[in-house]
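Subject: Structure handover

Hello,

Here is the structure we talked about. Please open it next to this email and follow along.

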Amino acid sequence: MTAPTTTDPLLRVVSTGVRSIELGHPYFTGMPCSPNHPGFRMTLIRRHGDMVRPDGGSAANEIIVTGGHVGTHVDALSHVSDCGKLNGDVDAFEAQAGGRFKDKGAEQIPFMMTRGLLLDVAKLHGVDTLPAGYAITAEDLEGAAEAAGVVPQKGDVVLVRSGWARHFGDQDVYLGQTDGVPGPNVEAAQWLASFGIVATGSDTTAYEHIPAGSGHSVLPVHRILLVVNGIHIIEHLNMEDASEQGLTEFTFVMAPLRIVGGTGSPVRPVAVLSA
């Protein structure tokens, strides 16, 4: 019997073979976490052998406790307000009444399968990792885009690599409470927003320029992206493999959890390319 030929163009592409590159970190107890959020914890609450069925089988399971902004995750539009307003002039205090957001919650973050771009600012400057507290400018992003031979377009997801994921194993350095963290400044955020992108992400705990000693005291880039422009932010990315493979333009795939009324969701973003 001959199998019928599919008429779906996407399925035909997938059938010929694709490869994927992970763009996030695995989740584990004790991984770096912003001091503003509860950390990730996982433990087995039932182990093999705790109860054995008559046929000899047993099962194990776990309990997971985590904040919505821990590990690789995406921000919902409810995450940040400005003068009491969420994106679209939604009253933040009214929207959050009752313990969950009635509007702009994490369940409204779209599934994303769209063009992704990697703007490798660290590679542009010829370094593995940008210096602590470095402000990524609009000129940096323009230069990285030119080096990659790409121009952002409406509906894209644009990922900005600083190389900071290399410090993920050193919580003090990675969080940058003392020396700061590299990240886009206000002008860089405005440059990205001008293209009408749907989301942008970076390889740090906060998609912000964090100067030495300032911590997460203010979040101007979050305001510009989330509140003013409705652009989702993806944090704690790991683009080291993608950078080593020279990735610039790809199919970006990400499925947030539909957490009703939440402010963010853990995600597993991947770059998908033809084999």
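Nine strands build an open sheet with mixed pairing, in the order S1-S15-S13-S7-S9-S11-S12-S4-S14. Strands are DSSP runs of E with at least two residues, helices are runs of H or I with at least four, and both are numbered from the N terminus. Two strands pair if DSSP finds at least two bridges between them.

This is a predicted model: local features need pLDDT of at least 70, side-chain atom pairs count only at pLDDT 80 or more, and totals for chains, interfaces and linings use all residues. Residues are numbered from 1 along each chain as its sequence is written, and side-chain values use heavy atoms, leaving out hydrogens and water.

Angles run from 0 to 180 degrees between N-to-C directions, and axes are lines fitted to C-alpha atoms, for helices over the stretch in contact.

Strands S9 (residues 157-161) and S11 (residues 199-202) run parallel and are joined by four bridges. Val158 sits opposite Thr200 in S11.

Helix H7 (residues 220-228) packs on the sheet. H7 touches strand S4 (73-75), S11 and strand S12 (232-235), where contact means heavy atoms within 4.5 Å. The direction of H7 makes about 135 degrees with that of S12.

Last, two helices. The axes of H4 (residues 138-148) and H6 (residues 186-193) come within 7 Å and cross at roughly 45 degrees.

Best wishes
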